[in-house]
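Open the model in your viewer and get ready to select residues one by one. We will walk through it together, a stop at a time.

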Amino acid sequence: MKYQKKVIATDMAKCYAIGMFDGFDGPSFVIATEKEGPIRRFSLDGTALENICEGPGGVMTVMQTPGRSDQLLSTYKFFSPNFGADDAKIVSYTHMDDGSWARSVICDLPYVHRFGVLKAADGQEWLIACTIKSACRAFKNDWKTPGAVYVAKLDDKLEQYNETKQLPLTQIANLQLQNHGFYVAPDRSFALIGTAAGVFRYVPPAKDGDTWQIACLAVQPTSDMCLIDLDGDGLDELVTISAFHGDTLCVWHAKEQPDTFQKVWEDSQKHDFLHAIWSGFLAGQACAVLGNRKDDRDLLRLYYKDGAYGVEVIDHDCGPANVWVFQNDGNDVIISANRETNEAALYQVSAE
């Protein structure tokens, strides 16, 4: 494939989170910073439109509120898992008539790292939020207090919540060591969560009175993961990054037996601090797009061709933290938050 790069920001230090926004004035996307900095909105051609907020940063996840053309959800003040997330929260940003964006606290949740919104079989919207740990004690990389998974039913007025009236959360899983990876199915029917124990699927209750369905899909320390049918046989492959912030890229193939995956490929080349991950189609071909944050700091494409899995380097020495793909004027475009080089970039994709 061919890639044409366009740098769209160099003033967003440690740019990190990416979210699509199909809003009141048409489709756009937002990029947010891990450290101090703004949440900025861009048009699909990469033109900067506005800052949703000027700070304070600490954004691990940013997304559009489902069913709302005027609202974003975001993590807030998660600056680091090492003594930098005690004050973390989930907040909403609602577009006001005067053009400003009003921030409101939905819930205090220290060390909240990833979250998403699932849609149950009965249509109920559910927030599912993951804390990477529960506290820091005395030193860097202290994992003695594992994270957890929390859920809450959502309504359509999230801006009603604030510092004193907050969305009530229910913990459905604890002892989630290095609770880092998070993937939401395209239809929002389930989420995958990656931990030191492996990859787990969470399905919301089909109706009131039912419980959450949790299943283990792969037993391997997993930092991030995604699903995609790479080989076109009608069964998904589970693409994983191991271990926590690890260097090993693997493919697990679904078996005929439900909820069973078998590891079928492991990249012989190591990629230090793999982090970014997305799956879907580029120029009509199923693939995963990934990025690592140390050593070569590459943006990569994982694909299947002629009976084998392969990896292509899209860009070198950029250090992606997160990536996403959208279509604009019939072209596939990769957004990459190149954290290690303090740049946000677009890559227009075309077939050879």
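Select F21 to begin: is F21 buried or exposed? F21 counts as buried because its relative accessibility is 1%; buried means under 20% relative accessible area, exposed over 50%, and partly exposed in between, using a 1.4 Å probe and protein chains only.

Before moving on, note that this is a predicted model, where local features need pLDDT of at least 70 and side-chain atom pairs count only at pLDDT 80 or more, while totals for chains, interfaces and linings use all residues. Residues are numbered from 1 along each chain as its sequence is written, and side-chain values use heavy atoms, with hydrogens and water left out.

**Stop 1: aromatic pairs**

Rings of Phe, Tyr and Trp (its six-membered ring) pair if their centres lie within 6.5 Å; planes under 30 degrees apart are stacked, over 60 edge-to-face, and the rest tilted. By this rule there are ten aromatic pairs. F24 is partly exposed, at a relative accessible area of 38%.

Next, select F29 and F42. Their rings are stacked, 5.4 Å centre to centre and 15 degrees between the planes. F29 lies in strand β3 (residues 26-33) and F42 in strand β4 (residues 39-43), 13 residues apart; strands (E, at least two residues) are DSSP runs, numbered from the N terminus. F29 is buried at 0% relative accessibility, and F42 is buried with a relative accessible area of 0%.

**Stop 2: cysteines**

How many disulfides does the structure hold? It holds zero disulfides, a disulfide being a pair of cysteine sulfur atoms within 2.5 Å. Select C15: the nearest cysteine sulfur, that of C318, is 10 Å away. C15 is buried, with a relative accessible area of 0%.

**Stop 3: the nonpolar cores**

A nonpolar core is a set of buried Ala, Val, Leu, Ile, Met, Phe, Trp, Tyr and Cys residues joined through side-chain atoms within 4.5 Å. The largest one has 44 residues, and I39, I90 and Y93 have the most contacts inside it. Strand β9 (residues 101-108) gives the largest share of this core, four residues. Finish with the second, separate core of 30 residues, which includes V199, W252, L302 and Y309.
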